[in-house]
Amino acid sequence: MTDKGDLIQAAEVFVKKELEHEPSGHDWWHIERVRRLAVLLAEREGADPFICELAALLHDIADEKLNESKEAGVDKVRGWLSDQGAAEDVKQKVLSIISTMSFNGGKNPPMDTLEGKVVQDADRLDAIGAIGIARTFVYSGAKGRPIHLPGQDFSGTDYRSSDKSAIYHFYEKLLKLKDLLNTAHAKKLAEERHQFMEQFLVQFYKEWDLTEERK
Ligand code: ADP
Ligand code: NI
């Protein structure tokens, strides 16, 4: 049976190697921020910090955008945990969290464990606020998409169609996240981050439309 500290350390080495050069905002530093948020939320919410930290470290290894399929991604993590000699219950808990936590247009069912709620909230907090804004423009840039396409209808539900701007992503996802958080502490942390995005959009349109200059 692998020691908890050893498993965390091994996960860190594994994830760094896998995601170090990931160009679309799912790089190592995203993982590190989600890990720190997950540990913080686990403390505040009384969740198991070991499961939260391990799942946070491994969560994007299984992302369907970074693998041939979602199943292939989850299999990769399962294989790695087995190779490390992780206990069955640890394996089952971590795999259950990472295979169900994705945003998926807000359509996935709610997480069924406190640890799952914590890790999902940590990932979502890193998608909003100043860092969320930065990641969104990096992602769009990596996909060759424009900053903004004036006149776009933001009410569409076609999550992940390709001809969308970075600004579109605020409406299809980022601005919805604060109401989709699970835990009380994450909701508290989200308030300032959400306000900052709203303020950003006000300033963005002001500059784009030359609102002040036209007065
Ligand atoms: P999830 O795995 O929760 O579905 P994603 O991996 O799709 O989330 O998104 C992670 C981050 O990548 C987003 O918060 C955003 O910053 C960026 N991103 C994802 N899709 C887009 C997109 N279509 N346009 C701009 N940024 C995106
Ligand atoms: Ni993530």
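Where does P150 lie? Let's start there. P150 is in the loop between α7, residues 129-142, and α8. Keep in mind that everything I show you today is a predicted model.

So, is P150 buried or exposed? Its relative accessibility is 54%, and because the cut-off for exposed is over 50%, P150 counts as exposed. Now find I97 on your screen. P150 and I97 are 53 residues apart in sequence, and going from C-alpha to C-alpha they are 38 Å apart in space.

Okay, let's go inside. The largest nonpolar core has 56 residues, and the members that touch the most other members are L54, L58 and L81. The largest share is eight residues, and that share comes from α3.

What does L54 touch? Leaving out residues up to four places away in sequence, L54 touches L7, I8, A11, L81, V90 and V94. You'll remember L81 as another of those residues that touch the most core members.

Next, helix packing. When we talk about two packed helices, we describe them by the angle between their axes and the distance between the axes.

Take α1 and α3. Their angle is about 15°, and their axes are 9 Å apart. Angles under 35 degrees count as roughly parallel, so α1 is roughly parallel to α3. The way α1 passes α3 is a left-handed crossing. Who makes the contact? From α1 we have K4, L7, I8, A11, E12, F14 and V15, and from α3 we have F50, E53, L54, L57 and L58. Sorted by class, the contact of α1 with α3 has nine nonpolar residues, three charged ones and no polar ones. Notice L54 in there again, on the α3 side.

The crossing of α2 and α3 is right-handed. On the α2 side, the contact uses W28, I31, V34, R35, A38, V39 and A42, while α3 brings P49, C52, E53, A56 and L57. What classes do they fall into? The contact of α2 with α3 has ten nonpolar and two charged residues, and no polar ones. If you compare the lists, E53 and L57 of α3 are in the contact with α1 and also in the contact with α2.

Let's finish with a tour of some other spots. First up is G106, in the loop between α5 and α6. Its relative accessibility is 39%, so G106 counts as partly exposed. G106 and L180 are 74 residues apart along the chain, yet their C-alpha atoms are separated by 8.0 Å.

Next is K176, in the loop between α8 and α9. K176 counts as partly exposed, because its relative accessibility is 41%. What about K176 and G105? They are 71 residues apart in sequence, and 9.8 Å apart in space from C-alpha to C-alpha.

Then there's A130, which lies in helix α7. With a relative accessible area of 48%, A130 is partly exposed. Between the C-alpha atoms of A130 and D179 there are 18 Å, and along the chain the two are 49 residues apart.

Last stop, L210, in the segment after α9. What is its phi? L210 has a positive phi of about 55°, although it is not a glycine. L210 is partly exposed too, with a relative accessible area of 41%.

Note on methods. Residues numbered from 1 in each chain as written. Chains lettered and ligands numbered in written order. Predicted model: local features only at pLDDT ≥ 70, side-chain atom pairs only at ≥ 80, totals over all residues. Heavy atoms only, no water. Core = buried A, V, L, I, M, F, W, Y, C linked by side-chain atoms within 4.5 Å. Buried < 20%, exposed > 50% of the residue type's maximum accessible area, 1.4 Å probe, protein only. Helix = DSSP H or I, 4+ residues; strand = E, 2+ residues; numbered from the N terminus. Contact = heavy atoms within 4.5 Å. Axes fitted to C-alpha atoms, helices over the stretch in contact; angles between N-to-C directions. Parallel < 35°, antiparallel > 145°, perpendicular 65-115°, else oblique. Left-handed = near helix turned anticlockwise from the far one by under 90°. Nonpolar A, V, L, I, M, F, W, Y, C, P; charged D, E, K, R; others polar.
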